Amino acid sequence: MTKEKSTFEEDLKKLQKIVEELSSGKITLGESLKKYEEGVKIAQSCSFALAAAQRKVELLMKKDGKLSLEKFDDSDAEEK
Amino acid sequence: MQKPNKHIYTVSEITGVIKGLLEDNVGEIWLEGEISNFKAASSGHFYFSLKDQNSIILAAMFANANKGLKFKLEDGLKVICFGKIDVYGPRGQYQIIVERIEPKGVGAQQLAFEQLKKKLAQEGLFDLSHKKPLPKMPFSVGIVTSAQGAAVRDILQILKKGAPCVDLVLRSVRVQGEQAAGEIFEAIEDLNNFGKLDLIIVSRGGGSTEDLWSFNEEIVARAIYNSGLPVISAVGHQINTTLSDLVADVFVETPSAAAKIIVDKKNALLAELAGFRHELDFSINDAIGNLENRLTALTHTLKSPLDRCLERQQQMDELSSELNYNIRHFLELAFQRSNSLVQQLEALSPLSILSRGYSLTMLMPQESIIKDISQIKAGDKLKTALNKGAFISLVEEVFDDERKINI
């Protein structure tokens, strides 16, 4: 989860920049194709991250000042 | 009682009498008034006056009595006190020793809330400039609430359905009772220290104002204010606005609403990404289309030099056929001219002269034409060419002058 989040906003910014560059029409076709490919790749990976459904629910416990994670049973949430 | 025993009191004596009279006859009372000249001594005792339009009475509230006081005493506050009337000998003053005090009109708790709210507002805890923006997409969210409560169920359920890409770290706390505020404070700190999180939701389901009170405690408000991570406060139902709500970066009315913020963010991002994809496709197609148009235009302009080339070729063809004609004409002219020259030449040919009866005489063997008599002498062999045929002869005699011949 840490890897995703650190790059997600950067990726989004990069993608926005690519979209702007591409729509400006000021770059060569070769560059455009490269940017297009890169943009599509980023858009896909960002969408993929958002569409993922592998969420974890954990309980943060504290014992003697030490933090640790335990699995949290959220089957309750499924019922309702 | 007037004269018989003339007793002279000492000051302390009479003070004691007055004290006894007051304490016996008045004793413990309820008293209503407005606070003025409030002072909190370093000893922890409170000293103030209570007044109404016409009168004033001194009041003291000792540390052991004011220790559990929820609200702050301040000048101008209208209160109802319970206490006993007492005389303070050293100053010759009567006063009320306050045991309990309640604000008049509003509840003590409400007053405490208003007072704390005012204080925190003055300190800038609610300032918009301090509010942190939420991340574009919180992929991992910390939740401070009770693991057994309805709030966590609501949040988990909505996120599971709407944004299952979000990981959750729950820090379970008591959300009401005396320990609750301390636990909430600690949980906010712990989640900040845990790292790896994008956002914290501080939440509790609905309840009475008293139930939600922990979220009005100063340490909770300060923990939220000092949180490095953005905090969404989602406490209770619609009408309750807690200090947590006011301090938080974003506040919503219910736990479900907090979860919906995240779901909405996710959906908005997906839409944005789809938009980006569309723009990318459009731009690249546009770029290719433009180039195609340019190419077609260029092909057109390329065609015209070809045309020009053909034109030139035609021109050249014309010129070359003209040239052919000219050459032929020139040749014809030259031919005619050479013919006439040949005729002229023929007319001048010695042969044609011979046909008219002349002959040519040459000295043999070198066949040099003899034009002058000095060229020959007697005995030379001569060749004479006629119009038809030739003959060889020998020179017998030579004369300088034809007329001198005398045969």
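**Exercise 1. Find how strand E11 of chain B is joined to E12(B).**

Step 1: locate E11(B) at residues 360-363. Strands here are DSSP runs of E, at least two residues long, and helices are runs of H or I, at least four residues long, numbered from the N terminus.
Step 2: count the bridges. Two join E11(B) to E12(B), and the strands run antiparallel. Pairing requires that DSSP finds at least two bridges between two strands.
Step 3: pick out a facing pair. B:Met362 stands opposite B:Ile369 in E12(B).

This is a predicted model: local features need pLDDT of at least 70, side-chain atom pairs count only at pLDDT 80 or more, and totals for chains, interfaces and linings use all residues. Residues are numbered from 1 along each chain as its sequence is written, while chains are lettered from A and ligands numbered from 1 in the order in which they are written.

**Exercise 2. Place the strands of chain B in their sheet.**

Step 1: write the order, E12-E11-E13-E14; this open sheet has four strands with antiparallel pairing.

**Exercise 3. Describe E13(B) and E14(B).**

Step 1: E13(B), residues 381-385, pairs with E14(B) over five bridges, in the antiparallel sense. B:Ala385 stands opposite B:Ala390.
Step 2: inspect the turn. The two strands form a hairpin with four residues between them, and B:Gly389 there has a positive phi of about 85 degrees.
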